Structures are given as C-alpha cells and as structure tokens.
Amino acid sequence: MRFLALFLLATPAFASEDIPDQYPQSVLYSKPVEVIPHVFSAIGATAPPTYENAGHNNNLSFIVTGDGVVVVNSGASYLLAKALHGEIKTVTDQPVKLVINENGQGHAMLGNNYWIDQGVPVLAHADAAAEFADTAGQSMAGLQSYALENAEGTVPMGPTETFTDRRDITMGNFQIEVLHLGPAHSAGDIQVWLPEQGLMIAGDIAFHERMPPIFQGTCTSCWIETWEGPLTDLSPTYVIPGHGHPTNFAQVTRYTRDYLVHLRSVIGAHIDNGGDLTDAYYVDQSAYRHLDTFEELATKNAGVVYEEMEFE
C-alpha cells in the first residue's frame with residue numbers, strides 16, 4: 001500500500017511530458033505496479049502518443065482474482081497487449097479470463113486482436129463498440145504513423161461481447177461491477193468498480209495529471225451530471241484514472257468536474273457578453289496551465305464548449 005499512499009497525496013506537479021520512457025527494455029512505458037493488493041496498473045505517459053511511448057499513454061490495469069485475471073484495456077497495439085500479458089505472467093500463473101475495453105478509442109481497443117487470438121473474451125459498452133467500428137481505420141492509421149514497427153501485428157477488432165447498462169462479475173475473491181454511469185468523455189465510457197476494496201478503475205471519466213480532452217459531441221453538462229450523481233454516490237476511496245497515477249476521488253474531482261464547471265462558467269460569461277468563437281479560444285484557463293497536454297488541448301476544449309453552449 002506504500003505506493004498508493006504516496007500517489008494519493010500526489011499533485012499534478014509530479015506529472016511531466018518530458019519524463020523519458022520508464023521501462024526501456026519493454027514496449028510498455030512503465031512496468032505494472034501493485035496499486036492495492038492484487039490490483040495492478042501499467043501507468044502510461046501523460047503525453048500524446050509518440051514513437052517513444054509506443055502509444056502507451058493510458059493506464060493498462062489488471063486484477064488477479066484468485067481464479068483468473070481480468071484486464072482493463074487491451075492497449076494501443078498488439079505488441080502492447082502482448083507486453084502486458086508477459087508482465088501478468090511474471091505476477092501469476094492464473095490465466096487471463098476477460099479483457100474490458102474502457103471506451104472505443106484506439107488506445108483501449110487496438111490491442112484486442114492479441115487477446116482474441118489467445119481465446120480471451122473482450123467486453124465493452126455497445127456505444128464504445130459502435131464508435132470503434134466507425135473510427136478503427138483512422139485509429140489504425142494514426143498508430144502506424146507514430147508507432148512504426150511497434151504497430152506490427154495489430155489488426156483492428158472490436159469487442160466480442162457488449163453490454164448497455166452494467167455487467168456484474170464474480171471471479172475468485174473479487175466482486176467486479178462493470179458500470180456505464182452515464183455520459184462523460186466519450187461514447188460508451190465505462191467504470192470498473194470494486195465495491196469491497198473501494199477502488200474504481202475509472203477510465204476517461206476522470207483526470208488529474210493531464211488536461212481532460214473534450215471532443216466534438218461531448219456533452220460537458222451531461223459529464224458534470226454523471227459526476228455529481230452516480231459517480232459521487234459511489235465516492236471511491238481509490239481511483240485509477242484513465243491517464244495518470246492512482247489517486248483519490250477529491251483529486252480527480254478537482255481536476256475534472258471542477259475544470260468542466262470552470263470552463264463552462266467562463267465560456268458562458270463570454271457568450272453573455274457577446275463574445276464570438278474566435279475570442280472564446282482565449283478564455284482564462286490559467287489555473288490549469290500546469291496540467292500535461294494543456295498546450296495541446298486548452299484552446300481546443302474552449303472552442304468545443306463554446307459550440308456546445310452557444311445555443312443551449
């Protein structure tokens with residue numbers, strides 16, 4: 001628990017896009033660490049996907065249940081999935097029995113074909129599966145453009161199973177609830193909740209070391225409602241976010257829910273004052289300048305939220 005205790009106290013000042021690859025002997029950006037007993041995560045870079053991080057810029061987690069292993073996220077490529085499997089085998093001889101995709105983005109699903117080749121079922125929300133079906137070609141082209149030889153072996157494949165509301169799993173010593181709490185960052189975002197441990201593998205509903213990306217079509221008011229409603233009702237003690245180190249619920253609230261509320265507030269004031277889209281890009285987000293990917297995302301986020309709120 002010492003590892004988790006340190007990161008429950010961590011602030012985004014510990015994050016840096018300039019930190020070099022932490023596990024150079026592996027395609028993984030970092031070696032999996034045990035967050036709480038029997039729950040591990042290989043923490044990705046908090047930077048955009050690059051050749052240097054091989055696309056491992058999200059968290060690849062797994063639960064050693066006592067009667068098999070549950071993996072959360074297949075990774076951005078066949079080779080990342082294979083590397084994670086190799087790390088799992090150093091921890092346990094229990095077989096991987098299920099892979100869960102946290103959303104429909106490439107870094108959650110492009111490694112699916114490795115696991116399907118191993119005969120492992122892959123579960124995702126139906127909306128995430130539909131999104132991946134629409135964007136798999138674009139995701140694959142992006143992987144090939146930055147990962148080069150590390151894209152080898154990757155063949156885009158969707159999940160083998162889908163659900164729409166929740167999936168309850170009892171495996172070994174764990175009760176695992178796979179939940180779709182509501183609209184958030186992207187279509188079909190899900191959360192993996194371990195109620196007996198108070199830990200949530202939150203996926204991309206929650207950020208704290210890098211700026212949350214807001215996509216065209218993201219409903220930020222809905223994201224806030226999901227946060228303030230069913231997510232806050234659970235109020236996990238421990239959170240493994242989609243990106244960045246494990247932390248606590250207060251920290252991800254501060255840098256996700258509070259950021260969304262702030263951005264909507266300043267954009268709303270800008271609209272009320274007759275401001276247009278051109279100037280909306282420059283609303284004040286300076287309180288979040290220290291977050292990784294601020295330079296890549298802040299102005300984009302402002303533009304998307306302006307377009308969302310303009311006719312609300």
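Residues are numbered from 1 along each chain as its sequence is written. Because the model is predicted, local features need pLDDT of at least 70 and side-chain atom pairs count only at pLDDT 80 or more, while totals for chains, interfaces and linings use all residues, and side-chain values use heavy atoms, with hydrogens and water left out.

**The sheet**

Helices (H or I, at least four residues) and strands (E, at least two) are DSSP runs, numbered from the N terminus.

| Strands | Sense | Bridges | Facing residues |
|---|---|---|---|
| Strand 2 and strand 3 | antiparallel | four | Phe40 and Phe62 |
| Strand 3 and strand 4 | antiparallel | four | Ile63 and Val70 |
| Strand 5 and strand 6 | parallel | two | Ile100 and Leu123 |

Strand 3 is mostly covered, with five of its five residues buried, where buried means under 20% relative accessible area (exposed is over 50% and partly exposed in between, with a 1.4 Å probe and protein chains only). Leu60, Phe62 and Val64 point one way from strand 3, whereas Ser61 and Ile63 point the other way. The hairpin of strand 3 and strand 4 has four residues between the strands, and Gly66 in this hairpin takes a positive phi near 105°.

Angles run from 0 to 180 degrees between N-to-C directions, and the axes are lines fitted to C-alpha atoms, for helices over the stretch in contact.

**Loop residues**

The loop between strand 4 and helix 2 holds Asn73 and Ser77. Asn73 is buried, with a relative accessible area of 0%, and its phi is near 90°, a positive value in a residue other than glycine. Ser77 is also buried, at a relative accessible area of 1%, and, leaving aside neighbours within four places in sequence, Ser77 is in contact (heavy atoms within 4.5 Å) with Leu110, Gly111, Leu143, Asn150 and Thr154. In the loop between helix 5 and strand 7, Leu148 has a positive phi of about 55° although it is not a glycine.

**Helix 7 and helix 9**

Helix 7 (residues 249-272) and helix 9 (residues 294-309) pack at an angle of about 65°, with their axes 10 Å apart. Residues of helix 7, including Tyr259, Leu263 and Ile267, meet residues of helix 9, among them Ala302, Val305 and Met309. Helix 9 has 16 residues and reaches 21 Å from its first C-alpha to its last, close to the 22 Å expected at 1.5 Å a residue, the expected span being 1.5 Å times one less than the number of residues. The buried residues of helix 9, including Phe294, Leu297 and Val304, pack against helix 6 (220-234), helix 7 and helix 8 (277-280).

Definitions and conventions: Two strands pair if DSSP finds at least two bridges between them.
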